[in-house]
Amino acid sequence: MPLYDVVFMVKKGVDKRSVVELMSRLGQRVYATRGVITDVKSFGHVNLAYPIKKRDGRHNEAQMLQMTMMVKTSFREQLSYLNQDERLLRWLIVKSRGDEWLRGPSVA
């Protein structure tokens with residue numbers, strides 16, 4: 001199973017309980033597909049480079065979170081429910097390259 005990072009930008013005014021509920025719901029989906037969560041990080045409140053316009057106005061700040069997980073490649077399609085969540089400004093899933101790219105090309 002490949003390693004994925006899911007990064008969330010949550011609206012500034014969302015309380016911690018809602019953020020925890022959002023992350024735990026994703027975690028339950030990961031475990032339901034026999035995946036493993038390897039890391040969860042919070043980057044706190046950050047100022048955005050540009051305002052993000054949503055139905056409830058423009059947002060200049062966000063809470064940033066990252067969840068690293070090992071899941072099957074088909075798991076990505078199951079994340080479409082995040083598009084409907086009003087608490088999120090943006091979310092992104094990235095397949096992790098590991099640390100092999102740091103070492104450069106291998107010399108044989």
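**Figure 1. Pairing of strands E2 and E3 in the predicted model.** Strand E2 (residues 36-54) and strand E3 (residues 57-70) are paired in the antiparallel sense over 13 bridges. Strands (E, at least two residues) and helices (H or I, at least four) are DSSP runs, numbered from the N terminus, and two strands pair if DSSP finds at least two bridges between them. Two residues lie between E2 and E3, which form a hairpin. Within this pairing, Asn47 stands opposite Glu61 in E3. The model is predicted: local features need pLDDT of at least 70, side-chain atom pairs count only at pLDDT 80 or more, and totals for chains, interfaces and linings use all residues. Residues are numbered from 1 along each chain as its sequence is written, and side-chain values use heavy atoms, with hydrogens and water left out.

**Figure 2. Phe43 on strand E2.** Phe43 lies in strand E2 and is partly exposed, with a relative accessible area of 43%. Here buried means under 20% relative accessible area, exposed means over 50%, and partly exposed lies in between (1.4 Å probe, protein chains only). Leaving aside neighbours within four places in sequence, Phe43 is in contact (heavy atoms within 4.5 Å) with Met64, Leu65 and Gln66. Phe43 and Leu65 are 22 residues apart in sequence, yet their C-alpha atoms are 5.9 Å apart in space.

**Figure 3. Strand E1 and its two partners.** Strand E1 (residues 3-11) is mostly covered, seven of its nine residues being buried. E1 runs antiparallel to E3, to which nine bridges join it; Val6 stands opposite Met67 in E3. E1 also runs antiparallel to E4, with seven bridges between them, and the bridge partner of Val10 in E4 is Leu88.

**Figure 4. Met23 on helix H1.** Met23 lies in helix H1 (residues 16-32). Met23 counts as buried because its relative accessible area is 9%. Apart from neighbours within four places in sequence, Met23 is in contact with Phe8, Val40, Leu65, Gln66 and Met67.

Figure 5. The largest pocket has a volume of about 190 Å³. On a 1 Å grid over the protein atoms alone, a pocket is an open set of points where a 1.4 Å probe fits, with protein on both sides within 12 Å along at least five of seven lines; lining residues have an atom within 4 Å of a point. Grid points are joined across faces, edges and corners, and the volume is the space filled by probe spheres set on the points. The lining consists of Lys11, Lys54, Arg55, Leu82, Asn83, Gln84, Asp85, Glu86, Leu88, Leu89, Arg90 and Trp91. Strand E4 (residues 88-95) supplies the largest share of this lining, four residues. By residue class, the lining divides into four nonpolar, two polar and six charged.

**Figure 6. The protein chain as a whole.** The protein chain has two helices and four strands, in the order β-α-β-β-β-α along the sequence. Of its 108 residues, 34% count as buried. Among contacts between residues at least 6 apart in sequence, 76% join residues at least 24 apart. The chain exposes about 7400 Å², of which carbon and sulfur atoms supply 53%; accessible areas come from the Shrake-Rupley method with a 1.4 Å probe, and for residues only the protein chains shown count as cover.

Definitions and conventions:
Nonpolar A, V, L, I, M, F, W, Y, C, P; charged D, E, K, R; others polar.
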